[in-house]
Amino acid sequence: MKYDTFLTGDRPSGKLHLGHYAGSLKNRLRMQDECLKGYIMVADVQALSDNFASPEKVIKSVVEVTKDYIAVGINPFKITIFIQSLIPELAELTIYYMNMVSVSRLERNPTVKAEIKQKNYGESIPVGFLCYPISQVADITAFDANLVPVGDDQLPMIELTNEVVRRFNRLYDKEVLKEVTAVLSKTQRLIGIDGNAKASKSLGNAIFLADDASTIKDKVYSMFTDPDHIRVSDPGKVDGNVVFTYLDAFFENKEELEELKKHYKKGGLSDISLKSLLNKTLQDLISPIREKRESLKQDEMMDILITGSKIAREAAKQTLYNVKSAMGITYC
Ligand code: ATP
Ligand code: MG
């Protein structure tokens, strides 16, 4: 790992939640100590692709997402945190890569397909939205990264990246771009508190790292368990039970959890006691993050982002130069 570089990012479409924590932030914390370099991108350009009518939400969230990074323990002296729109080279790389991806390839992307349905675009899919996976190829390749810590919804983007990398290197007969590997965590996709397949900012079905104690409690107590578990003595189902899914992701004592599952399946364990355990687990996890978060100032976050963006831009300039040189489009 000592020679690895990672690149990852988040859309500033809202604050970060437990899905980010379990799916990607925990891996980033580990990797910031193990890798040679790391870049974290606040993907404002990508967030605008489906929030173009409300840029103020995106702009406000840039600082919020950065606060989440620092509050969980990302160290800006080790990791370059930057804003996507401050690196125009990424847009230029995107334009070149667009020539290497077909429209039908984009339309087959299962994550984009699900998002198009969720956003009710019908026949009016914005070109920018359909193409965001290509802009992600630019983001991933621009920093010479080989590892990408992400949730499983990003696997189609990593696959596309490697297709473009191979195609580009073959076409121009040079090893200019690097293939990348996704780094998945044990919780590859945290479900929503409503039981939806994915907790997401856009669906508003998540527990956020900035949530206060009573909001966390309300959200935990609103989770459904097993609708057929009516009396405490009834045998209950563990699969598809939102409370158990969250305990699986966040309750550290796995042996005790196995015992609880057995007890619940047999009957005699109440939903309230399970929810109380999950509430305590999440309060213990989130309260230090929230307290740290509340101490962070907007100006400090902007300083981190501006400094990081200058460093990131130098790296992206080099990659753009290499890409253009490989194609032979260097006129001066
Ligand atoms: P949006 O709804 O705006 O797309 P999001 O909640 O999906 O927001 P992103 O910024 O798109 O968050 O994702 C950032 C990273 O967090 C990606 O690597 C993604 O895979 C991961 N991630 C997001 N939600 C989850 C989740 N529920 N479980 C695991 N990983 C997640
Ligand atoms: Mg997303």
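User: At what relative accessibility does K119 count as partly exposed?

Analyst: K119 counts as partly exposed at 23% relative accessibility. Buried means under 20% relative accessible area, exposed means over 50%, and partly exposed lies in between, with a 1.4 Å probe and protein chains only. The areas come from the Shrake-Rupley method with a 1.4 Å probe, and for residues only the protein chains shown count as cover. This is a predicted model, in which local features need pLDDT of at least 70 and side-chain atom pairs count only at pLDDT 80 or more, while totals for chains, interfaces and linings use all residues. Residues are numbered from 1 along each chain as its sequence is written, chains are lettered from A and ligands numbered from 1 in the order written, and side-chain values use heavy atoms, with hydrogens and water left out.

User: With which residue does the side chain of K119 meet in a salt bridge?

Analyst: A salt bridge is a side-chain nitrogen of Lys or Arg within 4 Å of a carboxyl oxygen of Asp or Glu. The partner of K119 is D50, at 2.8 Å from N to O. This pair connects distant parts of the chain, 69 residues apart: K119 is in the loop between α6 (110-118) and α7 (127-130), and D50 in the loop between α2 (44-48) and α3 (55-72). Helices (H or I, at least four residues) and strands (E, at least two) are DSSP runs, numbered from the N terminus. D50 is buried, at 17% relative accessible area. Both residues also belong to a salt-bridge network that includes R11.

User: How many salt bridges does a search of the whole structure find?

Analyst: The search finds 22. One of R313's contacts is a salt bridge with E89, whose closest N and O atoms are 3.0 Å apart. That pair also links distant parts of the chain, with R313 in helix α14 (residues 298-327) and E89 in helix α4 (residues 88-98), 224 residues apart. E89 is buried, with a relative accessible area of 8%, whereas R313 is partly exposed at 30%.

User: Why is strand β2 largely enclosed by the rest of the structure?

Analyst: Strand β2 (residues 37-42) is largely enclosed because 5 of its 6 residues are buried. In strand β3 (residues 80-83) both faces are covered, with T80 and F82 buried on one side and I81 and I83 buried on the other.

User: Which residues form the negative surface patch?

Analyst: Patches are made of residues with over 30% relative accessible area and no salt bridge; like charges are joined within 9 Å, and nonpolar side chains (Val, Leu, Ile, Met, Phe, Trp, Tyr) within 5 Å. Lys and Arg count as positive and Asp and Glu as negative, while His and the chain ends are not counted. The charge is placed at NZ of Lys, CZ of Arg, CG of Asp or CD of Glu. Here the patch comprises D212, D218, E291 and E294. E291 belongs to helix α13 (residues 271-294) and is exposed, at 52% relative accessible area.
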